[in-house]
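Please open the model in a viewer and keep the selection panel at hand. The stops below proceed from the pair of chains to the helices and then to the DNA.

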2 protein chains.
Amino acid sequence: MPSTQNKLWTISELANELGMTTRAIRFYEDKGLLNPQRVGPNRVYNYQDRARLKLALRGKRLGFSLDEIREFLDLYQVDMTKVTQIQFLLTRVQDKAAQLRRQQEDLAAMLKELELVEAECHQHLQHTKL
Amino acid sequence: MPSTQNKLWTISELANELGMTTRAIRFYEDKGLLNPQRVGPNRVYNYQDRARLKLALRGKRLGFSLDEIREFLDLYQVDMTKVTQIQFLLTRVQDKAAQLRRQQEDLAAMLKELELVEAECHQHLQHTKL
DNA sequence: GGTTATATTGACGTTAACGTTAATAGATTC
DNA sequence: GAATCTATTAACGTTAACGTCAATATAACC
């Protein structure tokens with residue numbers, strides 16, 4: 001039974017789909033974000049690799065460094081049978097979440113100010129129309 | 001009548017208060033983010049300069065480049081008497097706002113996943129306690 | 001079987017955002 | 001008035017995140 005999970009991608013297929021270069025993908029591998037299988041010398045990416053890469057790109061859009069993104073991705077690699085590992089994971093997850101909530105506040109503040117400027121624009125344009 | 005608006009800062013005062021280096025502040029000036037008065041050769045910052053710098057730091061926390069931050073700060077420098085300038089400003093403000101809303105979605109998604117991981121942690125820890 | 005397409009590693013180049021001296025000058029302190 | 005503090009400009013150094021060749025190998029096409 002062929003599942004969607006069995007699909008495989010070449011490096012340029014992934015690069016095209018996700019709007020990045022093959023160079024960047026290899027660079028991310030150097031930095032420990034990915035670890036695809038090989039077929040001979042060639043890299044081959046599975047569904048999980050692709051998911052990790054997408055998560056990485058989201059991290060980039062949010063302004064995180066590749067080091068931070070690797071830390072983030074590592075949160076999904078923890079052995080959930082070992083209690084000490086889970087406890088460590090928990091505190092790191094909570095730290096990251098707190099950081100993201102601060103970032104949400106920054107974002108909200110920035111948006112609020114932009115909306116003020118927008119309203120001001122509309123006002124002035126209304127005035128000149130009269 | 002002395003207003004809070006008349007207060008002035010030296011470069012190292014600002015740097016200390018905002019948790020950055022004087023080098024960074026001068027660098028931001030090179031990039032056109034600031035333009036403080038001078039007293040002799042020395043820079044002197046007023047309330048507005050300080051506000052701009054704070055906005056810049058918020059932009060940094062959100063992952064924007066100094067170029068993007070300058071564009072953003074320039075939105076506050078528009079002559080609101082000239083209709084064409086207002087119209088141009090309006091579209092740029094709306095573009096920026098749209099970008100921030102996409103970023104909000106990314107943030108929300110990331111937080112949601114972290115909260116899932118957190119819940120999973122709690123579950124596993126509960127199990128081992130029994 | 002020669003060209004074209006796609007892959008690899010390796011190495012050097014580039015841009016952003018500062019850090020880090022260095023050399024200099026005015027202000028303050030002892 | 002010698003030393004210390006704070007400021008300046010200028011210049012070179014550094015790290016991250018890739019871009020851009022170059023040399024090479026395999027696969028696919030005609």
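Two conventions apply throughout. Residues are numbered from 1 along each chain as its sequence is written, and chains are lettered from A and ligands numbered from 1 in the order in which they are written. The model being predicted, local features need pLDDT of at least 70 and side-chain atom pairs count only at pLDDT 80 or more, whereas totals for chains, interfaces and linings use all residues.

**The interface between the chains**

Next, colour the side of chain B that touches chain A. Here 30 residues of chain B are in contact with 30 residues of chain A (contact: C-beta atoms, placed from the backbone, within 7 Å). The elements of chain B that give two or more residues to this side are α3 (47-61) and α5 (83-129); helices are DSSP runs of H or I with at least four residues, strands are runs of E with at least two, and both are numbered from the N terminus. α5(B) gives the most, with 24 residues. By class, this side of chain B has 18 nonpolar, six polar and six charged residues. In this division Ala, Val, Leu, Ile, Met, Phe, Trp, Tyr, Cys and Pro are nonpolar, Asp, Glu, Lys and Arg are charged, and the others, Gly among them, are polar.

**The paired α5 helices**

Now select residues 83-129 in both chains. α5(A) and α5(B) pack at about 160°, with their axes 7 Å apart; axes are lines fitted to C-alpha atoms, for helices over the stretch in contact, and angles run from 0 to 180 degrees between N-to-C directions. The two helices are therefore roughly antiparallel (under 35 degrees counts as roughly parallel, over 145 as roughly antiparallel, 65 to 115 as roughly perpendicular, and the rest as oblique). Their crossing is left-handed: the near helix is turned anticlockwise from the far one by less than a right angle, clockwise being right-handed. The contact of α5(A) with α5(B) comprises 28 nonpolar, 10 polar and six charged residues.

**α3 against α4 in chain B**

Move to α3(B) and α4(B), whose axes come within 10 Å and cross at roughly 135°. That angle makes α3(B) oblique to α4(B). Show B:Arg52, B:Leu55, B:Ala56 and B:Gly59 of α3(B), which meet B:Glu68, B:Ile69, B:Phe72 and B:Leu73 of α4(B). Five of these contact residues are nonpolar, one is polar and two are charged.

**The DNA strands**

Finally, display DNA strand C. Around it are 16 residues, the closest being A:Ser12, A:Arg43, B:Ala24, B:Ser65 and B:Leu66; a residue is near a strand if its C-beta atom, placed from the backbone, lies within 6 Å of it. α2(B) gives the most to this surface, with three residues.

Which helix supplies the largest share of the surface near DNA strand D? That share, three residues, comes from α2(A).

Notes:
Contact = placed C-beta atoms within 7 Å.
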